[in-house]
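Hello,

Here is the structure we discussed. My notes follow below it.

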Amino acid sequence: MESQTTSTEQPVALVTGANQGVGNEIAKALVANGYIVYLGSRKLKNGEKAAAQIGENAKAIQLDVTDQQTINAAVERIEKEYGRLDLLVNNAGIAHAGEPGRTVEEVMASGRAVNVSLDEVRTVWETNVFGVIAVTQAALPLLRKSSAARIVNVSSGLGSLTWISDPACWARENFGIVYAASKTALNAVTLAFALELEKEGIKVNASSPGYTATALNNFQGTDSLEVGSREPIRVALETDGPTGSFTGPEGPLPW
Ligand code: NAP
């Protein structure tokens, strides 16, 4: 008799910021590979629209990573519906806190370490760094109920201090304390969780997409969504991989 996977045997994933961009691409790939995927969306309607386009194993869930109440409610719902979480993808991120629709060059110019407001730095770090810590901590009890739990943090090569401190690095122009340094901090957070959770068998990795055309960079990224998202998708699907790694489209990235 042909064996049938029941929904409770299917791996369960939560992807934050999955209503568009790289997160949505990751959610699609996970569903295509047999996962039940909660699409975190700070505006539920956007998540519902995105989930409907993916299919029945995609479930919209309201989740603003800067709002502890929505984080707790999302975790409670997943607990009620599946009782565990096998994969958490911390993907939600913002590049700046100013007017949307500005070019990358305009954003960089107004976000220099010497002139950017502390409020802007705080807002971006609230999502890209503290949001990841908050969601990860809240999801841990559910991850601990999985037999092989994994966490993938969507980072950026721009956060690599090894890259940026090299005078020949192309990315130096794009380093700043708003976005890039938030990814440096995220890398440190990734390693801290990886070290702590290794003894429990929970893997924690950071992965960077390519320079992908999304709202984050005013669609100036040079990779299509499909191409740019390949590496975080690979890491999200990798069940027998390492922990504490940082990779990008070209392979391992230096911290
Ligand atoms: P995107 O299309 O702008 O998607 C970002 C997603 O994060 C959106 O769904 C957005 O929701 C969500 N989000 C923002 N703030 C949130 C919050 N407080 N709570 C919950 N969700 C929130 O950009 P993307 O390029 O796909 O970015 C995804 C990740 O990839 C980010 O972590 C980014 O730093 C990283 N990354 C991107 C590139 C690139 O070239 N695109 C390169 C390296 C790393 P709304 O739709 O409501 O705004």
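The ligand has 29 residues around it, and Asn19, Val22, Asn91, Tyr179 and Thr214 come nearest. A residue counts as near if one of its heavy atoms lies within 4 Å. This is a predicted model: local features need pLDDT of at least 70, side-chain atom pairs count only at pLDDT 80 or more, and totals for chains, interfaces and linings use all residues. Residues are numbered from 1 along each chain as its sequence is written, and side-chain values use heavy atoms, with hydrogens and water left out.

By class, the shell holds eleven nonpolar, 15 polar and three charged residues. Here Ala, Val, Leu, Ile, Met, Phe, Trp, Tyr, Cys and Pro are nonpolar, Asp, Glu, Lys and Arg are charged, and the others, Gly among them, are polar.

Now the polar contacts (pairs of N or O atoms within 3.5 Å). A side-chain N or O atom of arginine 42 is 2.8 Å from a ligand oxygen. For glutamine 20, a polar side-chain atom lies 2.9 Å from an oxygen of the ligand. Glycine 210 uses a polar backbone atom, 3.3 Å from a ligand oxygen. The protein covers 94% of the 890 Å² of accessible area that the ligand has on its own (Shrake-Rupley, 1.4 Å probe).

Next, the sheet. It is open, has eight strands in the order β3-β2-β1-β4-β5-β6-β7-β8, and its pairing is mixed. Strands are DSSP runs of E, at least two residues; helices are runs of H or I, at least four. Pairing takes at least two DSSP bridges. β3 (58-62) and β8 (251-252) are the edges; each has a single partner strand, so one side of each lacks a neighbour in the sheet. β1 (residues 12-15) and β2 (residues 36-41) run parallel over four bridges. Valine 12 has isoleucine 36 of β2 as its bridge partner.

Best wishes

Notes. A polar contact is a pair of N or O atoms within 3.5 Å; within protein, one must be able to donate a hydrogen and the other to accept it, and residues adjacent in sequence count only if both atoms are side-chain atoms.
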